[in-house]
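Here is a short briefing on charged side-chain pairs and on one helix packing. Keep the structure open while reading.

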Amino acid sequence: MTCVAPLLLCLLAEFPAELADTPPTGPPETESPAATWKQRAVGGAVARIHELSGPSGIHWPRGEAAAAGSDLRGGAGPDNAVIRAMFAAPEPSTRVRAVELWVTTPEPGPPDLLLAALEDPDRTVRAAAARALGRLDVATLTEQVLDALRDPLSPGAQTIHQVLPEMQDVIERPLIEVLEDDAAPSERRWAAGYALGGMGSARAAPTLARLTASPDFVLARVCAEALVKSRAPQDVGFWIGVASHPAPEVRRVALDALATLGTREAVEALHRAALGETEQELWLKEHAVRRIAELPGDTSLPILIHVLANHLPARHEAARQLARLTGLEFGENPVEWRQWYEQTGGRLPPPRPVLPETAPSPPLYEFAPWPQ
């Protein structure tokens, strides 16, 4: 660069100032070939000098500088594809600029990238994303969250789920209004229930509890799951009632809630379900057995032995859980299990470890996806 600069200065000195100020777009017809060549050379050199001496622009990622730069110079903002690319740029300054553009673009689209920026490794990007969320109006943010949550397993939905508690003060009330709107599309109400559960909304608990009896079984299950996550959990009597819901998936949530409560009345309800007294679905009887096995040993072991001895359909699962918890190999023989328990009180000789699960359980999930 030190060798090139003197040469450029010499070239500039040979020509009028107006040539240096504005590079010619084309040689006049009356100019000689030599003059034309010199004009082009000086014009190109001056343009390059202006380019090098000017302020550095945005670091556009993945070779999109030409399209994005032309959009900005023409007065139009970059499109969503360009902004999405900027969010993936290695430079924090570009990612900050992406956040700023996302907020100001006419149609920003789903907020997955903006919400992902809240977990950016760079502090300035995280701060910009937090400021950007505050600049969105409540209606826009609510609609975009509902739209993104239509597919609970999408990356955007998973990101949103992580930051829902931070949005609670802003969109909790609008989400409850959506959930209470009987005329709203089903998918919209499912997404609202999902979001309220992710927030642990206590304010929504009365509506969630009421909708566990909805004829829309997906909505009933989503609301039951959200209620389990609520900071206003229902009492044992409520969940015993839900355990008789016509939809098996809703009853499964009720069994989970009873196991979480763990009171004597809740454990008795689980026991009755495992024995088939209140539950007819085999997979739910076995689910009740597994939830019982998670209770302390002085509670779970006698119940498991009782189920093993008194209900043939659930016997296999009860024996499997007993073997896992104790390390003993009495199979499905209730007499040997009862004798062992009466002789030892359920105390295990050390160092008997609790064995890991040896067979897969039916899939359990929270806020499972709904039908497409």
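Arg264 and Glu268 lie four residues apart in helix α16 (residues 264-274), so about one helical turn separates them. Their side chains meet in a salt bridge, at 3.4 Å from N to O. The model is a predicted one. In total, the structure holds 17 salt bridges.

**The pair in α16**

- Arg264 has a relative accessibility of 71% and counts as exposed, because the cut-off for that class is over 50%.
- Glu268 reaches 37% relative accessibility, so Glu268 counts as partly exposed.

- Asp120 and Arg95 join their side chains in a salt bridge, with N to O at 2.8 Å.
- The two residues are 25 apart and link distant parts of the chain.
- Arg95 belongs to helix α6 (residues 92-104), while Asp120 sits in the loop between α7 (112-116) and α8 (123-135).
- Both Asp120 and Arg95 are buried.

**A salt-bridge network**

- Arg291 forms a salt bridge with Glu294, and their closest N and O atoms are 2.8 Å apart.
- This pair belongs to one network, joined by salt bridges that share partners.
- The network takes in Arg221, Glu225, Glu249, Arg252, Asp256, Arg291 and Glu294.
- Is Arg291 buried or exposed? Arg291 is buried, with a relative accessible area of 16%, which falls under the 20% limit.
- Glu294 counts as exposed, at 52% relative accessibility.

**Packing of α17 and α19**

- Two packed helices are described by the distance between their axes and the angle between those axes.
- Helix α17 (residues 282-293) and helix α19 (residues 315-326) have axes that come within 9 Å.
- These axes cross at roughly 20°.
- Why do α17 and α19 count as roughly parallel? Angles under 35 degrees fall in that class, and the crossing angle is roughly 20°, so the two helices are roughly parallel to each other.
- The crossing of α17 past α19 is right-handed.
- On the α17 side, Glu286, Val289, Arg290 and Ala293 make the contact.
- On the α19 side, the contact is made by Glu317, Ala318, Arg320, Gln321, Arg324 and Leu325.
- Sorted by class, the contact has five charged, four nonpolar and one polar residue.

Key: Residues numbered from 1 in each chain as written. Predicted model: local features only at pLDDT ≥ 70, side-chain atom pairs only at ≥ 80, totals over all residues. Heavy atoms only, no water. Axes fitted to C-alpha atoms, helices over the stretch in contact; angles between N-to-C directions. Parallel < 35°, antiparallel > 145°, perpendicular 65-115°, else oblique. Left-handed = near helix turned anticlockwise from the far one by under 90°. Contact = heavy atoms within 4.5 Å. Nonpolar A, V, L, I, M, F, W, Y, C, P; charged D, E, K, R; others polar. Salt bridge = Lys/Arg side-chain N within 4 Å of Asp/Glu carboxyl O. Buried < 20%, exposed > 50% of the residue type's maximum accessible area, 1.4 Å probe, protein only.
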